[in-house]
Amino acid sequence: MGHKIFISYKYADENVKHIVGEWYETNTVRNYVDQLESYLKDSSDHIYKGESDGEDLSQLSEETIWNKLKDRIYDSTLTIVIISKNMKENWKAERDQWIPWEISYSLKEVSREDKNGKAISSKTNAVLAIVVPDNMNSYSYYTYQKKCCSSGCRVILTDTFFGILKRNMFNEINPNTNNCTDGSTVYYGDSSYIISIKWDDFIVDVNKYINEAYNIQKNIDNYNIYKDLQ
C-alpha cells in the first residue's frame, strides 16, 4: 500500500530559483510542488493527498478550505513541508498563517468516527522538511557551514522558521552530542523529529529521505514532540 503524502507550502512565494519555463517567467514554490507531485503520481509507492495546481479553492471560505485540508491531512501518513525564503510572513502572527496549523494537525492524533460510528484515531505523521533555493540559487537563508573545528559542521538557522518547526528540530530526548571548539553544541544522527533536506539533495533520491522520515516516526518515543502552536 502506498504512502499517503500531504504537502504544506507557501504557494505564492516567488523568491525561489527558476526551474521551469522561460527565464522571464515567474516561478513560485508551486513549481517545485508540481515537480514533486509528478514524481509521486508516477510512483506506485506514494499517493499525493494535497491539492492539484488546477484545483480552484479561491471561491471557498477559509473554514471550508481548512476542513478540506484537515480531511487530507487526517488521511495522510507523511507531511512534507516546503521551506522557502519567504514562507514565513513575519508581520503576521503564526496563528494567522496556514502552514503552522497544517504542521500542528499533522503531528496530532485525531479521532474521528467511521461510517459505523466507531472512533478511529490517526497517528502522528512522519514529517519531512524540504528546503528550496532562493532566487540567487542559495540556501544561506537556511544553513551554512562552520569551520571552527577540523571536522566542520552544518548550522541550521531554525530561528527563521515557524515555532512549531523549530521546536520539533533537535528535539531528541537523549541526543548524541559533542562540544565544538567555539562552545556550541554539535548534534549527530537523527537528532530531529522533523529532518530538513536541501531540494537538490532530496530530488536525487526522493525515496531515501521519505523512508528516513518514516524510520524516525517508528522511533517517535525518542523525541519530545510539540504539537500545539504557542
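Lys218 is located in helix α6; helices (H or I, at least four residues) and strands (E, at least two) are DSSP runs numbered from the N terminus. With a relative accessibility of 67%, Lys218 counts as exposed, where exposed means over 50% relative accessible area, buried under 20%, and partly exposed in between (1.4 Å probe, protein chains only). Lys218 and Ala126 stand 92 residues apart in sequence, yet their C-alpha atoms are 8.7 Å apart in space.

The model is predicted: local features need pLDDT of at least 70, side-chain atom pairs count only at pLDDT 80 or more, and totals for chains, interfaces and linings use all residues. Residues are numbered from 1 along each chain as its sequence is written, and side-chain values use heavy atoms, with hydrogens and water left out.

**Overall composition**

- The protein has six helices and eleven strands.
- Of the 230 residues in the protein, 46% are buried.
- Among contacts with a separation of 6 or more, 65% involve residues 24 or more positions apart; contact means heavy atoms within 4.5 Å.

**Nonpolar cores**

- The largest nonpolar core has 49 residues, and Ile7, Leu128 and Phe202 have the most contacts inside it. A nonpolar core is a set of buried Ala, Val, Leu, Ile, Met, Phe, Trp, Tyr and Cys residues joined through side-chain atoms within 4.5 Å.
- Another core lies apart from the largest one and has six residues, including Ile73, Tyr74, Tyr105 and Val110.
- Phe202 touches Leu36, Leu128, Ile130, Ile197, Tyr209 and Ile210, when residues up to four places away in sequence are not counted.
- Ile80 belongs to strand β3 and, at 0% relative accessibility, counts as buried.
- With neighbours within four places in sequence left aside, Ile80 is in contact with Ile5, Phe6, Ile7, Ser8, Leu36, Leu128 and Ile130.
- Ile80 and Asn125 are 45 residues apart along the chain, and 9.8 Å separates their C-alpha atoms.

- Helix α1 (residues 29-42) has 14 residues and reaches 20 Å from its first C-alpha to its last, close to the 20 Å expected at 1.5 Å a residue. The expected span is 1.5 Å times one less than the number of residues in the helix.
- In α1, the buried residues are Val29, Arg30, Asn31, Tyr32, Val33, Leu36, Glu37 and Leu40.
- These buried residues of α1 pack against β1 (3-8), β2 (46-48), β3 (78-83), α5 (199-202) and α6 (206-218).
- Helix α3 is largely enclosed by the rest of the structure, because eight of its ten residues are buried.
- The buried residues of α3 are Ile99, Pro100, Glu102, Ile103, Ser104, Tyr105, Ser106 and Leu107.

**Largest pocket**

- The space in the largest pocket is about 650 Å³. On a 1 Å grid over the protein atoms alone, a pocket is an open set of points with protein on both sides within 12 Å along at least five of seven lines, whereas a cavity is a set where a 1.4 Å probe fits but cannot get out; lining residues have an atom within 4 Å of a point.
- Grid points are joined across faces, edges and corners, and a volume is the space filled by probe spheres set on the points.
- The largest pocket is lined by 23 residues, and Arg154, Ile156, Phe170, Tyr187 and Ser191 lie nearest its centre.
- Strands β8 (153-156), β10 (185-188) and β11 (195-198) each supply at least two residues of this lining.
- By class, the lining of the largest pocket comprises eleven nonpolar, seven polar and five charged residues. Ala, Val, Leu, Ile, Met, Phe, Trp, Tyr, Cys and Pro count as nonpolar, Asp, Glu, Lys and Arg as charged, and the others, Gly among them, as polar.

**Largest cavity**

- The structure holds one cavity of 30 Å³ or more, and the volume of the largest cavity is about 40 Å³.
- The lining of the largest cavity consists of Ile73, Tyr74, Ser76, Tyr105, Ser106, Lys108, Val110, Ser122, Lys123 and Asn125.
- Helices α2 (62-74) and α3 (98-107) each supply at least two residues of the lining of the largest cavity.
- This lining has four nonpolar, four polar and two charged residues.

**Positive phi values**

- Phe170 is not a glycine but has a positive phi of about 55 degrees. Phe170 is found in the loop between α4 (163-167) and β9 (176-179) and is partly exposed, with a relative accessible area of 32%.
- Asn137, also a residue other than glycine, has a positive phi near 55 degrees. Asn137 is in the loop between β6 (126-131) and β7 (143-146) and counts as partly exposed at 42% relative accessibility.
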